[in-house]
Amino acid sequence: MSTLATGWDVGGAHLKAAQADAGGRLLVAAQVPCPLWMGMEHLARALAELRSRLAPSGRHAITMTGELVDLFASRAEGVAKLVAAMNAALAGTETMYYAGPAGWLDGNAARRRWREVASANWHASASLAAQRRPSGLLVDIGSTTTDIVPFAGGRVAAAGMSDDERLVAEELVYTGVTRTPVMVIAEEVRFAGKRQRQMNELFATAADLHRLTGRLPAGADQHASADGRGKSAKDSARRLARMLGRDVESAPLAEWRKLAAQLAERQLGSIADAARRVARRARLDARAPVVGAGVGRFLARDLAARLKRPYADAMEMFSGDSESLEWAARCTPAAALAVLAASSTARSVPRRSRSSAPVRPVAHKAPRKTI
């Protein structure tokens, strides 16, 4: 049986995968679009596409956030259906589901303990980061969301575990660099020397902003644009102009680039405000770095400068070739799972067992209640 371990992150908009060998070296990491809200068949297609790029693997470690999509009546149903789909697709291999501090669970246990499995992907990344550095603030800026997770002393020091707790604690900020609607980033802007409200319509997304600023990484925007049209700078400017009730021809492209930079700054500001409060509550030392992860980690580098903290890239958590490391940093939860599962001692909780996994990731540390 192959000694490779494969980590999977089943999201609501993308499916991510990574493979590591027994020594923990990343061999491949990749992401494909997976609009799960449109039906389970999209997961089947995404799985087939990624598996065609991967080597055969006898061990699969799985995390998810896709249980939250409105295809499912509840998160419990979502976890159950995603577990069933992954088990069927990976039949004949060892499948382990990540449950945060509870460690690894098999499929039956994952369905029973769905609250621990649901949206636990951020904990996998922070757990590995805590093994790599004495302390830090993991900031994973993805296509849709931003995770802000403090760690110190070898432990994840987050205040929340579930999505709702993390939203309250500001450790989950619902903003990302491609799919976030521009209308939620700022209620009003300055344009042509005047203050103006934006339209509450899905005319443009964050991908348009970061494309116009020239900072959106290649391959980052894997979904259709808001109007289903092209992805050139002119196309993005046209969509952004609609947010102000204007046509793109009403101003030079340079003016739309300035507006995009203004809105990108607002987005960074919202992340920075949350990050300051999270770092303060966790009492992180001033020397603790911002560890930037995700496709939007170019903003995490800016965040580190704004917080006056050192910057460390998630790539430094892994070993491998440059292409694998770049995609590992973009798909950090999947890559972290692959490395954690590659350990020869990692095992899922046996069926009918109520005990914790014999070898588990770094435990969650309960913080002082200062929210």
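The model is predicted: local features need pLDDT of at least 70, side-chain atom pairs count only at pLDDT 80 or more, and totals for chains, interfaces and linings use all residues. Residues are numbered from 1 along each chain as its sequence is written, and side-chain values use heavy atoms, with hydrogens and water left out. Helices (H or I, at least four residues) and strands (E, at least two) are DSSP runs numbered from the N terminus.

**Nonpolar cores**

- A nonpolar core here is a set of buried Ala, Val, Leu, Ile, Met, Phe, Trp, Tyr and Cys residues joined through side-chain atoms within 4.5 Å; buried means under 20% relative accessible area, exposed over 50%, and partly exposed in between (1.4 Å probe, protein chains only).
- The largest core holds 42 residues, and Leu26, Trp104 and Phe318 touch the most other members.
- Two or more residues of this core come from each of strand 2, strand 3, strand 5, helix 5 (121–132), strand 8 (146–152), strand 13, helix 11 and helix 12.
- Helix 12 gives the largest share, nine residues.
- Beyond its neighbours within four places in sequence, Leu26 is in contact (heavy atoms within 4.5 Å) with residues including Ala18, Ala20, Phe318, Ser324, Ala328 and Val339.
- Another core, of 31 residues, lies apart from the largest one and has Ala17, Leu50, Met64 and Ala99 among its members.
- As general background, nonpolar side chains tend to be buried together in soluble globular proteins.

**Helix 11**

- In helix 11 (residues 322–330), the buried residues are Ser324, Leu325, Trp327, Ala328, Ala329 and Arg330.
- Those buried residues pack against strand 2 (14–20), strand 3 (26–33), strand 13 (290–293), helix 10 (297–307), strand 14 (311–313) and helix 12 (332–342).
- At the N-terminal end, Asp321 caps helix 11, with a side-chain oxygen 3.2 Å from the backbone nitrogen of Glu323.

**Salt bridges**

- Counting a side-chain nitrogen of Lys or Arg within 4 Å of a carboxyl oxygen of Asp or Glu as a salt bridge, the model has 25 of them.
- Arg59 pairs with Glu94 in a salt bridge whose closest N and O atoms are 3.1 Å apart.
- This pair links distant parts of the chain, with Arg59 in strand 4 (residues 59–64) and Glu94 in strand 5 (residues 94–98), 35 residues apart.
- Arg59 counts as buried at 12% relative accessibility, whereas Glu94 is partly exposed at 23%.
- A salt bridge also joins the side chains of Arg239 and Asp227 (2.9 Å, N to O).
- Arg239 sits in helix 8 (residues 233–243) and Asp227 in the loop between helix 7 (206–212) and helix 8, so the pair ties together parts 12 residues apart in sequence.
- Arg239 is buried, with a relative accessible area of 1%, while Asp227 is partly exposed at 31%.
- Both residues belong to a network of salt bridges that links Asp208, Arg211, Asp221, Asp227, Lys231, Asp235, Arg238 and Arg239.
- In the salt bridge between Arg287 and Asp285, the closest N and O atoms are 2.9 Å apart; Arg287 is exposed at 66% relative accessibility, and Asp285 is partly exposed at 37%.

**Surface patch**

- Leu68, Leu167 and Tyr174 make a nonpolar surface patch of about 290 Å².
- Patches are made of residues with over 30% relative accessible area and no salt bridge, with like charges joined within 9 Å and nonpolar side chains (Val, Leu, Ile, Met, Phe, Trp, Tyr) within 5 Å.
- Tyr174 lies in the loop between strand 10 (172–173) and strand 11 (188–191) and is partly exposed, with a relative accessible area of 47%.

Definitions and conventions
Polar contact = N/O pair within 3.5 Å; in protein donor to acceptor, adjacent residues only side chain to side chain. Areas by Shrake-Rupley, 256 points an atom, 1.4 Å probe, with all protein chains shown as cover.
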